[in-house]
Amino acid sequence: MCADILSNEKIDQQKLKKATQIITELQTQMPQYIANGSGPFLAAIFDENGNLIAKEANSVVNENCSHNHAEMNAIKAAEKALNTYDLSAHNLSLYVTSEPCIMCLGGIMWSGIKAVYYGVCSKRVEEITGFDEGFKPDWLKEFKKRGITVYGNIASEIGEKVLFDYVKNGHKVYKPQRS
């Protein structure tokens, strides 16, 4: 179980409160996205003033593209909205319903995002859905070295219910075939 809040800095209660509100809202919105064919993950990017820059769901299955994870889709939308491939000057934070997988961690690191807040931890995502989150050694420490703040396991009970319902209702969990 991944019950405790994780962070790569001393926990700031203001940041945690804001992140809890946003992630709870994303988890609450997720069933609408699922009903429209999206996967069970949603990501939103906000600027330092609380303005929404981009919000995107996972679209791997409905767009037949393995890298269309919610985080990657949101980063791409933010780059388009701000007309830049380097988001670092905009002091942006990414909020996502589940811990980013290994691919998304790379995308986040190279995008210039300054902070990541996530809901359900990878261990629980794997247990519930069977999706392989990938090998992520010391990623919290590595992000801290690069100036990226991380808070995790936020409103995870709500997110776990969304994932359980997604699987229970027979929605496709994409996984490459392994021999």
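Trainee: Before that, what should I know about the model and the numbering?
Mentor: This is a predicted model, in which local features need pLDDT of at least 70 and side-chain atom pairs count only at pLDDT 80 or more, while totals for chains, interfaces and linings use all residues. Residues are numbered from 1 along each chain as its sequence is written, and side-chain values use heavy atoms, with hydrogens and water left out.

Trainee: OK, helices then. How do α5 and α7 pack?
Mentor: Helix α5, residues 122-129, packs on helix α7, residues 156-168, at an angle of about 20°, and their axes are 9 Å apart. Axes here are lines fitted to C-alpha atoms, for helices over the stretch in contact, and angles run from 0 to 180 degrees between N-to-C directions. The helices themselves are DSSP runs of H or I with at least four residues, strands are runs of E with at least two, and both are numbered from the N terminus.

Trainee: And what do we call that arrangement of α5 and α7?
Mentor: The two helices α5 and α7 are therefore roughly parallel to each other, the word being used for angles under 35 degrees, with over 145 counted as roughly antiparallel, 65 to 115 as roughly perpendicular and the rest as oblique.

Trainee: What about α1 against α7, at what angle do they cross?
Mentor: Roughly 15°, with the axes of α1 and α7 coming within 9 Å, and α1 and α7 are therefore roughly parallel to each other. Here α1 passes α7 in a left-handed crossing. On the α1 side T24, Q27, M30 and I34 take part, and on the α7 side I158, G159, V162 and Y166; the contact of α1 with α7 has five nonpolar, three polar and no charged residues.

Trainee: Switching to pockets: how big is the largest one?
Mentor: The volume of the largest pocket is about 200 Å³. On a 1 Å grid over the protein atoms alone, a pocket is an open set of points with protein on both sides within 12 Å along at least five of seven lines, a cavity is a set of points where a 1.4 Å probe fits but cannot get out, and lining residues have an atom within 4 Å of a point. Grid points are joined across faces, edges and corners, and a volume is the space filled by probe spheres set on the points.

Trainee: Which element gives the most to its lining?
Mentor: That is α1, which gives three residues to the lining of the largest pocket. Among the lining residues are Q14, K15, K18, D47 and E48, and the lining divides into three nonpolar, four polar and five charged residues.

Trainee: And the second largest pocket, what is its volume?
Mentor: It holds about 150 Å³ of space. The largest share of its lining, three residues, comes from α3, and the lining has three nonpolar, five polar and three charged residues.

Trainee: How many cavities of 30 Å³ or more are there?
Mentor: The count comes to two. The largest cavity has a volume of about 100 Å³ and is lined by 13 residues, of which F41, H69, E71, E99 and E133 lie nearest its centre. The second largest cavity has a volume of about 60 Å³, and its lining includes F41, T129 and Y166.

Terms used: Nonpolar A, V, L, I, M, F, W, Y, C, P; charged D, E, K, R; others polar. Left-handed = near helix turned anticlockwise from the far one by under 90°. Contact = heavy atoms within 4.5 Å.
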